[in-house]
Protein chains: 2
Amino acid sequence: MEKKATIKDVAELVGVSIATVSRVVNNHGIVAPDTQRRVNDAIRELDYNPNTVARSLATGRTETILLYIVQEDPIVPTTWSYELPIIQGINDYLRGKPWDLQITMCSNIEFRQPGFLNDRLNRRSVGGVLIMSAWVVEGHTISELEKRNVPYVLIGCNDPNRESPSVEYDNTGAVQKLVEHLKDQGCEILGLIGGDQYQLHMRERLQGFELALAENGLSLCKRLIKTGDWSVEIGYLRMKELLRAHPKPTGIVCGNDYIAVGAMDAIKESGANIPRDVAIVGFDDTIVSQVVTPNLTTVRVPLHQMGMLAAERLDRTLSNPLAAVGRRTVLPCEIVVRESSSILWDRKDAVEV
Amino acid sequence: MEKKATIKDVAELVGVSIATVSRVVNNHGIVAPDTQRRVNDAIRELDYNPNTVARSLATGRTETILLYIVQEDPIVPTTWSYELPIIQGINDYLRGKPWDLQITMCSNIEFRQPGFLNDRLNRRSVGGVLIMSAWVVEGHTISELEKRNVPYVLIGCNDPNRESPSVEYDNTGAVQKLVEHLKDQGCEILGLIGGDQYQLHMRERLQGFELALAENGLSLCKRLIKTGDWSVEIGYLRMKELLRAHPKPTGIVCGNDYIAVGAMDAIKESGANIPRDVAIVGFDDTIVSQVVTPNLTTVRVPLHQMGMLAAERLDRTLSNPLAAVGRRTVLPCEIVVRESSSILWDRKDAVEV
DNA sequence: TTGTATGCGTTATCAC
DNA sequence: GTGATAACGCATACAA
């Protein structure tokens, strides 16, 4: 096993000093075209690659980005579909850039603990931090980051009232679109079955719901708003409750696709028709929304794009610490209309047949 | 912004040399209990944390593990459900250990290119490598790794005939269980709809299928074996073909749950009953298997455990390069029986009603 | 345009 | 038990 070539080896081979080699490697300072060529030849010949560790020590900079993935406590293999596309977005942006991506998963509880981030940041040497979470990142965590002066970007977990650098998606707007859509289809009494209301997404979706009802002249009935968790089972149970309400809701907004699927089971069981008697919409555009019968209207969240944007933002502040790179970015979501809420289409179709 | 305390600061505060501080930090050599205490006090007082970069430079070792996630080309946000649970397993094992986890995603095509890994390994400084892929890792890639003497563990992508350190799951055995189960339920003519046959998993499942048919005295009919990709659509199309076959298959093994869902659509459309006329089983135990009607019998792959084991294996060779840590590990899968293949139960139920 | 020399924060090998 | 001090591989201020 041969040793790796160092800058010294290259310098000796060419007959110059290591300073010169360093210059051509980093495109720093001025170096004669001829020397440049000779150095590059030697680099190729020796298969020289700068030692990242030594470089970091010398410069005080480091080329790694740390991605925190905050999850439910306890951490269990999850069906949550957000992480991977976001990671992929980050990774895609980072190709060709010098940054390495380091990731660590931790529980929501852990992450909230004061000093948690500090501890981690002490042990490693990190250029910048990305935080991906379903819960609002607390003020003291932000303070830790800013006190240490380490650049960061939040992904989907910024406090709505805080101007930290973050990439979000428009939960409120998405729900507004859903409500408008349901109203267009003729639904007048709307209910909502949400997931974990401690999660930021859900809180925003709830707000969006109430807002949209008001804007569309629909009446808000607190009894038609249910929460719980994100499971199929909860969807089923809560929907059964809603079906006992008077007046019965004719349109249901669900916190995610799984809840919607559970709710659909309850509706079918009651003998009601989807969408004619009860229209229903989900969230996340997971594969189940395409697979259930009838297909589920849902919301497509621009996850990949969020990852790309977050990485880009961080890259820009890291490359140029003085650059003001904006604060909050909120991406719009697209709603995907399918059978579960297509009442007008359903009627037309019925007539044609 | 204060500078971080260094070993020198600690030494000065205590009035000892940096060598002594280094000794107590690393539990190396002998140091007087009293000095030890004073040093520790100073460390706490100054909030000293050893600089990882400097340490790496000095020792020549590094504390990062690189995880390669190899994906379909082009890389797109995927619905593949394997990555996250495996990553979580790796992460869970790594808690408390000194290793940092660095990940990078790349396409299958990229990864196969000779020199690809070498390039990456040159630029970074990496302790060990994990490779997670659906395609067999080629010999030249293994050679690169071994030539550089960097420890590695393959996850689900070892050549069946190669004794490289790897963690796999028992595709063949899983399919055998499925076939046995279908036979127990009274199915005599079995068909298979597979996914991408260039992927290792699929090849093994195909082999398992043919093997199991022979073992169970069932006849193998090549015309009843179809492949394509892993999508719902392919499942639908291939199943329509199978329904035109004579004799018609009465049991279908699908490459994954999505294919199975598509196939179920085709079966329902034909007016046949699931499971009585055609029983069907999927693979992966994704949420769709619980959501379709009837529920889908499927295979649960021990993803989290695979991640844990792979990380453990790598950790062990990294901690003790001389340790022989075994080679191939193959984990059994569990089959989850649900309605889509429960013919006996279905009959009994019908009688009771 | 190039070379010399110092420092980055540790570890580890000697002496004492 | 402890303290100098030489690596580790590179960047860079300063000289030349």
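First, the ground rules. This is a predicted model, in which local features need pLDDT of at least 70 and side-chain atom pairs count only at pLDDT 80 or more, while totals for chains, interfaces and linings use all residues. Residues are numbered from 1 along each chain as its sequence is written, and chains are lettered from A and ligands numbered from 1 in the order in which they are written.

Chain A has 15 helices and twelve strands; these are DSSP runs numbered from the N terminus, helices being H or I of at least four residues and strands E of at least two. The radius of gyration of chain A, 27 Å, is well over the 20 Å that the globule rule gives for 353 residues, so chain A is more spread out than a compact globule. That radius is taken over C-alpha atoms, and the rule is 2.2 Å times the number of residues to the power 0.38. The C-alpha trace of chain A spans about 90 × 50 × 40 Å along its principal axes.

Now a sheet in chain B. Its four strands form an open sheet in the order S7-S6-S8-S9, with parallel pairing; strands pair if DSSP finds at least two bridges between them. At the edges are S7 (225-226) and S9 (279-281) of chain B, each pairing on one side only. Between S6 (190-193) and S8 (251-254) of chain B there are four bridges, and Leu192(B) has Val253(B) as its bridge partner in S8(B).

Next, the two chains together. In chain A, 40 residues are in contact with 40 residues of chain B, contact meaning C-beta atoms, placed from the backbone, within 7 Å. Elements of chain A that each supply at least two residues to this side include helix H5 (83-94), strand S2 (100-107) and helix H14 (303-319).

Last, the DNA. Which residues come nearest to DNA strand D? Of the 28 residues around DNA strand D, they are Thr6(A), Ile7(A), Asn51(A), Ser17(B) and Ala19(B); a residue counts as near if its C-beta atom, placed from the backbone, lies within 6 Å. Among the elements giving two or more residues to this surface are helix H1 (7-14) of chain A and helix H2 (18-26) of chain B.

Key: Contact = placed C-beta atoms within 7 Å.
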